[in-house]
Amino acid sequence: MVRTGNMDRKITIQRASITHDAAFNEPRETWHNLYPNLWANKRSKSGKEVFSADQEIATEVMVFTIRYKPVLVTDRIVYEGRIYDILPPLNELGRRRYLEITASWSGETEEIPEGAIVLENGAYIVTEG
């Protein structure tokens, strides 16, 4: 079982929604912060480098443990600017007390808005300009 004091990392869980482009009314997938700034425990599960079509692709698998929140495998985690895809199954610990989420990173990073202030941990603050 995870101790709350070991939850020393900040993550954001994002969920996709479909919006329509204003100019051409084309459907577009956009991500919004479902649970921003969650405290989590992070542990590394594995990492490897794969070579595909003369391109090196790094993959990293992490296990994040959070206080229980309803999360879907179609959601994603943003940690230190990296986007982690959630892998099934989600592991409920202690009758909805905690949730253990296995997620993989394949080199994708979050696009940081122009004019944002980037913090040391990779998080950023959007400023009104």
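Student: Which residues touch the most other members of the largest nonpolar core?

Tutor: They are I11, I13, I66 and I77, in a core of 17 residues. A nonpolar core is a set of buried Ala, Val, Leu, Ile, Met, Phe, Trp, Tyr and Cys residues joined through side-chain atoms within 4.5 Å. The strands β1 (9-20), β2 (27-52), β3 (55-67), β4, β5 (82-93) and β6 each supply at least two of its residues. The largest share, four residues, comes from β6.

Student: What should I know about the model before reading on?

Tutor: It is a predicted model, where local features need pLDDT of at least 70, side-chain atom pairs count only at pLDDT 80 or more, and totals for chains, interfaces and linings use all residues. Residues are numbered from 1 along each chain as its sequence is written, and side-chain values use heavy atoms, with hydrogens and water left out.

Student: Where is the confidence lowest, and where is it highest?

Tutor: Here pLDDT is the predictor's confidence in each residue, from 0 to 100. The protein has a mean of 82, and 75% of its residues reach 70 or more. Confidence is lowest in strand β8 (residues 124-125), with a mean of 64, and highest in strand β4 (residues 76-79), with 94. Where pLDDT is low, the predicted coordinates should not be read in detail.

Student: How many helices and how many strands are there?

Tutor: The protein has zero helices and eight strands. The rule takes DSSP runs, numbered from the N terminus: helices are H or I with at least four residues, strands are E with at least two. Along the sequence the pattern reads β-β-β-β-β-β-β-β.

Student: Why is S104 called buried?

Tutor: Buried means under 20% relative accessible area, exposed over 50%, and partly exposed in between (1.4 Å probe, protein chains only). S104 has a relative accessible area of 14%, so S104 is buried. S104 lies in strand β6 (residues 98-109). Leaving out residues up to four places away in sequence, S104 touches E60, V61, I83, Y84, D85 and L87, where contact means heavy atoms within 4.5 Å.

Student: And why is R95 called exposed?

Tutor: R95 has a relative accessible area of 81%, so R95 counts as exposed. R95 sits in the loop between β5 and β6, and phi of R95 is near 50°, a positive value in a residue other than glycine. R96 is found in the loop between β5 and β6, and R96 is exposed with a relative accessible area of 56%. Phi of R96 is near 65°.

Student: Which way do the residues of β4 point?

Tutor: R76 and V78 point one way, I77 and Y79 the other way, and all are buried.

Student: How many aromatic pairs are there?

Tutor: The count comes to two. Rings of Phe, Tyr and Trp (its six-membered ring) pair if their centres lie within 6.5 Å; planes under 30 degrees apart count as stacked, over 60 as edge-to-face and the rest as tilted.

Student: What makes the pair of F64 and Y79 edge-to-face?

Tutor: The ring centres of F64 and Y79 are 5.7 Å apart and the planes stand at 65°, so the pair is edge-to-face. F64 lies in strand β3 and Y79 in strand β4, so this pair ties together parts 15 residues apart in sequence. F64 is buried, at 0% relative accessible area, and Y79 is buried at 4%. F64 also forms an edge-to-face pair with Y84, with 5.5 Å centre to centre and 75° between the planes.
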